[in-house]
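Biologist: I am new to this one. Can you put it on screen and walk me through the surface and the rings?

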Amino acid sequence: KSLLSWGAVTQNGYTRNILPTFLETDETVDKLNAKVSHTVNDIDVSAEQSWERDRIRIQKVSNRTLTLSTGLFSNVRQKYEDLVSNLYTTEMRVSKELNEKVFLSTAFLYNHYDGHTVETVTDTSVSAYNENNPDNPANVHQDIFTILPKVSISPSEHFLIDAGLKWEWANKNGTAVYNRDKTNPPNNTIDEFLNIKDGITENKFGENFNFKYDGISNVVFYAGGELGQELRRENNTQDSFGPSPTNTNNFFRDTDTHTYDYGYTLGSKWYPISKFDVTAELKYNYGLRDYKIKSRHIETGDITNGYRGFLDSIAYSSYKPIIMLNYKPFKWLAGNFRYTYDPTTYEIKTRIAEATEFSQYKANIYSTGITFIPIDVLSLTCDYQYKQASTATPANGTGGGPVNYPTYNANVNTLNALCSYSPIKSTTITGSYSLSRTENFNDFSNISLPLGLNNFLQDASLAFENKITENLSLKFKYDFMQY
């Protein structure tokens with residue numbers, strides 16, 4: 001795989017950065033899965049156990065220089081990495097219909113991950129801190145336990161209630177060692193050892209509910225909400241020692257992150273005439289990330305004083321009105337249109353400046369689609385979306401900041417088409433095409449550098465599948481992508 005960095009080629013005293021760098025990956029994955037299900041006294045019980053072992057070998061050449069007159073490479077920086085990991089997943093589900101009005105279900109999930117990697121970095125350049133690092137080990141351990149109880153209740157024929165809870169506990173630990181040869185030029189002697197330890201504990205709670213009422217002719221009312229709360233405790237430690245330690249590399253920090261996410265939906269669906277319906281919906285979302293530094297220590301040389309990215313908290317809020325139209329004049333033809341207005345405000349409290357800044361994102365999103373099924377064995381679907389967005393930050397004057405830059409504007413055009421044809425029952429031919437085009441270039445040349453990117457992406461595929469027997473099928477597929 002080619003990388004985005006380019007090495008230097010020198011000839012006749014001229015140097016051009018045209019030499020490609022690359023990444024080679026060799027991966028082997030073994031998977032084993034077992035599942036069992038049974039019904040006892042009208043209680044449905046299922047259990048599933050899976051194991052996945054992943055072995056990856058990586059060689060990365062991120063820099064090199066070629067002198068054509070000698071044919072020799074210099075300033076070669078290479079990384080070799082061997083990774084072995086095991087992932088164990090246990091899942092249990094229990095459900096029971098108490099009566100025609102009440103349905104209960106619960107899911108239990110457990111995930112255990114162990115990963116070990118050894119990394120070696122070699123660098124033949126003569127620059128400082130070239131980091132010839134032999135056999136640097138790293139280990140990651142993770143345990144996640146999740147419980148998902150849910151209940152569905154129908155108090156009446158036209159009224160339905162769904163409610164669910166979620167509790168998830170996660171514990172993650174990682175260690176790493178980095179050995180550094182800091183001599184210029186390198187002398188293959190380790191000057192500094194860095195010991196890094198990270199520990200993370202996450203305690204998550206979630207609630208969700210949905211109401212649906214269709215007791216009025218040609219109208220359906222619905223409402224719902226999804227709430228989440230999380231306490232994340234993170235400990236980061238880095239120690240420098242050896243013949244030539246660096247004091248500024250000694251560091252520890254304990255951080256509590258409180259996360260709150262709330263989303264509510266209120267809407268109705270109306271059938272004014274046959275084969276046509278209108279949906280009006282309003283979504284409200286609010287989120288907060290609040291960082292609390294319990295303890296910290298860092299040697300001189302870091303102006304952030306150990307705080308995470310200069311931030312105390314980040315909050316966002318948005319009200320999204322949505323209108324959807326669906327029309328199906330015939331059995332073989334259907335169309336739809338959707339409009340979404342997305343205004344989102346971000347409130348950021350910074351630690352260093354002790355200030356509150358506001359940013360605003362606004363988007364008008366138009367979507368339309370059509371489905372055409374002229375005969376039973378042929379179907380065509382096409383969807384198009386146009387997104388017009390703008391972003392204003394303190395640099396544009398929001399939140400009391402200086403008015404230095406215009407508002408950043410962008411638009412995105414997306415087209416997706418799919419065709420499926422089955423000449424006979426056992427054979428299916430599928431073709432697809434997608435197109436994405438953006439015009440996000442904002443010319444700020446009169447005050448600074450231009451900002452943004454225009455891009456064009458298209459993807460097409462053609463697949464042929466033949467079902468030989470009930471348990472055996474043969475498939476050929478061709479993909480084309482251009483960016």
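**Surface patches and ring pairs**

Modeller: Asp42 lies in the loop between strand 2 (14-40) and strand 3 (43-67); strands are DSSP runs of E with at least two residues, numbered from the N terminus. This is a predicted model, where local features need pLDDT of at least 70 and side-chain atom pairs count only at pLDDT 80 or more, while totals for chains, interfaces and linings use all residues. Residues are numbered from 1 along each chain as its sequence is written, and side-chain values use heavy atoms, with hydrogens and water left out.

Biologist: Is Asp42 buried or exposed?

Modeller: Asp42 counts as exposed, at 59% relative accessibility. Buried means under 20% relative accessible area, exposed over 50%, and partly exposed in between, with a 1.4 Å probe and protein chains only.

Biologist: Which residues form the negative surface patch?

Modeller: Asp42, Asp44, Glu97 and Glu100 form it. Patch residues have over 30% relative accessible area and no salt bridge; like charges are joined within 9 Å, and nonpolar side chains (Val, Leu, Ile, Met, Phe, Trp, Tyr) within 5 Å. A salt bridge is a side-chain nitrogen of Lys or Arg within 4 Å of a carboxyl oxygen of Asp or Glu. Asp and Glu count as negative, with the charge placed at CG of Asp or CD of Glu.

Biologist: And which residues form the nonpolar patch?

Modeller: Val45, Met92, Val94, Phe108, Tyr110, Phe145 and Trp169, with about 520 Å² of accessible area together, by the Shrake-Rupley method with a 1.4 Å probe. Strand 4 (72-99) and strand 5 (102-123) each supply at least two of the patch residues. Tyr110 is found in strand 5 and is partly exposed, at 33% relative accessible area.

Biologist: Changing topic: how many aromatic pairs are there?

Modeller: A search of the whole structure finds ten. Rings of Phe, Tyr and Trp (its six-membered ring) pair if their centres lie within 6.5 Å; planes under 30 degrees apart count as stacked, over 60 as edge-to-face and the rest as tilted.

Biologist: Why is the pair of Phe276 and Tyr327 edge-to-face?

Modeller: Their ring planes are at 70°, with centres 6.1 Å apart, so the pair is edge-to-face. Phe276 lies in strand 11 (residues 276-298) and Tyr327 in strand 12 (residues 311-330), so the pair ties together parts 51 residues apart in sequence.

Biologist: What about Phe330 and Trp332?

Modeller: Those rings have centres 4.9 Å apart and planes at 5°, so they are stacked. Phe330 is partly exposed at 42% relative accessibility, and Trp332 is partly exposed at 37%.

Biologist: Which residues do ring pairs link into a cluster?

Modeller: Phe159, Phe209, Phe211 and Tyr213.

Methods
Helices (H or I, at least four residues) and strands (E, at least two) are DSSP runs, numbered from the N terminus.
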